[in-house]
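Here is a friendly briefing to read alongside the model. It goes from the chains to their contact and then to some local details.

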Amino acid sequence: MELLSNLGSAFLALLDWQTMLLMVAGCILGILGGAMPGISPATAVALLVPFSYAMDARLALILLVCIYQAANYGGSITAVLINAPGTPAAAATCLDGYPLTQQGKAGKGLGAALVASCLGGIFGAIILIFFCVPLARAALQFSPAAYFGLAIFGLATIASMGEGNIVKAILAVLIGLLIKTIGLDPISGAYRFTLGSDLLYDGFALIPALMGLFAVSVVFEKVEKWTGLDRALDKIDSKLPSFEELWKIKGCVLRSSIIGTIIGIFPGAGATIASFVSYDVAKRTSREPEKFGKGALEGVAASEAANSSSVGGALIPLLALGIPGSATDAVLIGAFVLHDLVPGPLLFRDQPAIVYGIFASVLAANLLVLLMGLYGNRFFIRMVSVSDKILYPFILVVALIGTYSVSNSLYDMGSCIGFGIVGWILKRYGYPPAPVVLGIVLGKLIEYNFRRGVIMGGYSVFYTDTLAFVVLSLAALSLFYPLIRAGWRRLRKRPAA
Amino acid sequence: MWSVKFFSEGMGLLWLTIGVLAILLALGLAVRFSRMRPYLGNILVSCSLVAVSLVFLILTFDFPAEEAGPSVIPRLYIGLILLLSGVVLVQTFRGREPAVPGLRQPALLARVMAVLIVYFLALPFLGYFLCSFLLVVVLLQTLSYPRKGLIYLIAAGWVIFSYFAFYKLLYIQLPLGFFEGLF
C-alpha cells in the first residue's frame, strides 16, 4: 500500500508544468541523441548531466531518466531509415527495419519499433517498480563484505563493453579504478598520487571524465575517420502499421520485454545483448521465420521491445543497490553524486520522492515517446539529417561548457580534454572507454567496503560471509566467462594430436 | 640519500617522468624499425600502461604502512594492470592482436586537438565569449562547413545563447579575461 500511495504522489507531482516541460524536453533530446549515429544513450545523458546541476535533484534525475529511456527508441529511427543504428542496441533493429525501408515500408518499420519500444519500456518500468523496493529493503542488511562483492559484480557490466577483448575491457576498468585512488584516501585521510599538486587533492572529478570519455573522444574518433559526407535521407513513406499487424506481434513484444528486463537486471549483459537474444528467440519461435532478415515486423519489434525494457531492468540494481547495470547507469550515478545523493537502499528511506519520481517518470516517458513518435517522427527525421559538420563542433562546446559549469573550474575543462585524448587513444587500440568510467564510479564503493570488511573481519570475511562469497563467485564467473568460453572453443577447435 | 619521497614531487618527479618517456621513446624507435612495426601503437599503449603502473607502484611506498591501509587497493589494481598488460603484450607478439590501421585523417585530427588545446590556454586571457566564438568558427571551417556566410552567424548565435543561458540564467561564472569590466 505504501508503494502505491508513494507512486500516486509521484504521478501527481509529474503533472506540475515544470516537470512536464522537462520530461518533454528530455524525451525530445533523448530521441534525437539516440537517433544520431555515434551518440550513445550514455553520451546523450552525459552531455546533459552538468547542466542538471543547477536544478532540483528530483527534476534533474527525471530529465536524465527520460533522456535514457527515449534514447532507446531514438536509436531505431536511423536503424530503420539508413541502416545505421543510432545506438548499439538498435543494431538488431537494422536486420529487419532497413529491408522494410528498401521495400518502401519505412513507416511500418518505424511504427512497429515505436509501439514495441514503448510497450517494452512500460513493462520494464512496472518490473522496476515492484522489484526495486523489496530488493532495497533486503540490501539494508548487507555487510561491507557483501557490498564489496556487489560492487565487483557491478564491474561485470564490462563483459558487454569489451568489444571482443575482455582482457582489454578489464584493463580499462582497472585504469578507472586506479584513477579513483588519486587524492584523499577515504579511510586514513592520507594523500595518494597527488604529485605535490593541490589540484589533485580531490582526485579527478567524475564529470570531466564522463564528458571527455563519452563526448570529446567520440568527436575525435569521428574526425579521425572523417569523410565529409553527410547522412542522406530519402523521402520516406510514413504509413504506420495497421492495428491487425500490431496485434499479430503482441506475443513477440511480451516475450521480448520479459527477456529484455531480465537481461537488463544483470550487470554484464545490457541492452545490446538483450535485443540480439530477443531477436534470436523471436526468429526461432516465429510462425514465419523465413521472413526474418527480409523485413519482418516481428524482428523489429523483438529488438526494440527488448532494448527498451532493459532500461527498467538496469535501473533495478542502480536504485536498489547503487550498482550500475549499464554504461548509461554509470553516467546516472554521476548525476546522483553531483546532487550529493548516493543511490542504494538508503535513498529509499531518505529520499522517497526522488525514487518514486524516477519510477513514475520512466513509465510516463514511454507514453510521451509514443505520442512524440506518432506525431513528431517527421521532425526527428529532419533533425537527424543535421550535418556532422555542425553537430561535432557543438558536441565539443557543450561538453566543455558543461564540464566547466559544475565547479567553475578551468582545471576540470583541461581534464575533460585530457580524458578525451586518452579515451580516443584507448578506443583506437581496442580498450573501450565506458569501463574506465565504470571504474571511476565504483572505485570508492569498492575500496571503502573492501577495507571496512577487512578491518571488521580480516581477509577471511570474503569467504566466511556467505552472501559476499556467492556474489563474488558470480562476479568472477561473469567477468571470466568470456575468457573461459574462448579458451574452451580454442581447445575444441585444436585437432587431436 | 634518495628516497621514494624524492620521486613523488618536484625535481624527482620530473626526472622520473623524463626517464619513463625516454624509455618509451627508445622502445618506440626499436619497434618502429623491427618486423613488429604494424603493432607499434598496440605495443606503446601496453608499455605506457606498464610504465605508469610502475611509477604509481613506486609512489605507494610513500603511503602510511598499516593493515588494509591506503596502499593495499592501489597495489592490487597495479598488480592486475601489470599482469594483464603483460597478457596483451604477449598476445600482440604472438600475432593474436589485430594491427590497427593508420590514421585516415591525421592532419584534421591534429588540427581539431590543437584548436581545443589553444582554446583552453586562451580562455583565461580572451574570455569565454570571444574564445568560444573563435572556436566554433575555426571548427566549422576545419570541418569544411560549406555555407561560409552562415559560419559567423552560427558562432554568434552560440555566444548569445551561452550568454543568456549560462551567464545570466544559470549564473555560471564564465572566465571573461581582458573583458572582465565589460560584463
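Angles under 35 degrees count as roughly parallel, over 145 as roughly antiparallel, 65 to 115 as roughly perpendicular and the rest as oblique. By that scale, α17(A) and α6(B) are roughly parallel to each other. This is a predicted model, in which local features need pLDDT of at least 70 and side-chain atom pairs count only at pLDDT 80 or more, while totals for chains, interfaces and linings use all residues. Residues are numbered from 1 along each chain as its sequence is written, and chains are lettered from A and ligands numbered from 1 in the order in which they are written.

**Chain A overall**

- Chain A holds 21 helices and two strands; helices (H or I, at least four residues) and strands (E, at least two) are DSSP runs, numbered from the N terminus.
- Chain A has a radius of gyration of 22 Å, close to the 23 Å that the globule rule gives for 497 residues, so it is as compact as a globular protein of that length. The radius is taken over C-alpha atoms, and the globule rule is 2.2 Å times the number of residues to the power 0.38.
- The C-alpha trace of chain A spans about 65 × 60 × 55 Å along its principal axes.
- Of the 497 residues in chain A, 62% are buried. A residue is buried if 20 or more other C-beta atoms lie within 10 Å of its own, exposed if 12 or fewer, and partly exposed in between, with C-beta atoms placed from the backbone.
- Among the contacts in chain A with a separation of 6 or more, 79% join residues 24 or more positions apart. Two residues are in contact if their C-beta atoms, placed from the backbone, lie within 7 Å.

**Chain B overall**

- Chain B has six helices and zero strands, and its elements run α-α-α-α-α-α from the N terminus on.
- The radius of gyration of chain B is 24 Å, well over the 16 Å that the globule rule gives for 183 residues, so chain B is more spread out than a compact globule.
- Along its principal axes, the C-alpha trace of chain B spans about 55 × 45 × 30 Å.
- Buried residues make up 23% of the 183 residues of chain B.
- Residues 24 or more positions apart provide 56% of the contacts in chain B with a separation of 6 or more.

**Where the chains meet**

- In the contact between the chains, 44 residues of chain A touch 55 residues of chain B.
- On the chain A side, the elements giving two or more residues are α8 (166–180), α9 (206–224), α17 (388–407), α18 (410–428) and α19 of chain A.
- The most comes from α17(A), with eight residues.
- By class, the chain A side has 28 nonpolar, seven polar and nine charged residues. Here Ala, Val, Leu, Ile, Met, Phe, Trp, Tyr, Cys and Pro count as nonpolar, Asp, Glu, Lys and Arg as charged, and the others, Gly among them, as polar.

**Helix α17(A) against α6(B)**

- α17(A) and helix α6 (residues 148–169) of chain B pack at an angle of about 25 degrees, with their axes 13 Å apart. Axes are lines fitted to C-alpha atoms, for helices over the stretch in contact, and angles run from 0 to 180 degrees between N-to-C directions.
- α17(A) contributes A:Ile390, A:Val397, A:Ile401 and A:Ser405 to this contact, and α6(B) contributes B:Ile154, B:Trp158, B:Ser162 and B:Phe166.
- These residues divide into six nonpolar, two polar and no charged.

**Inside chain A**

- Helix α14 (residues 327–338) of chain A packs with helix α19 (residues 434–457) of chain A at an angle of about 40 degrees, their axes 9 Å apart. That makes α14(A) oblique to α19(A).
- A:Ala327, A:Ala330, A:Ile333 and A:Gly334 of α14(A) meet A:Ala434, A:Val437, A:Leu438 and A:Val441 of α19(A). The residues of this contact comprise seven nonpolar, one polar and no charged.
- In helix α3 (residues 41–48) of chain A, eight of the eight residues are buried, so this helix is largely enclosed by the rest of the structure.
- Covering the buried residues of α3(A) are elements of chain A including α2 (17–35), α4 (57–82), α9, α14, α17 and α19.

**Positive phi in a loop**

- A:Phe193 lies in the loop between β2 (191–192) and α9 of chain A. Its phi is near 50 degrees, a positive value in a residue other than glycine.
- A:Leu195 lies in the loop between β2 and α9 of chain A, with a positive phi of about 55 degrees although it is not a glycine.
- A:Phe193 counts as partly exposed because it has 19 C-beta neighbours inside 10 Å, and A:Leu195 counts as partly exposed with 17.
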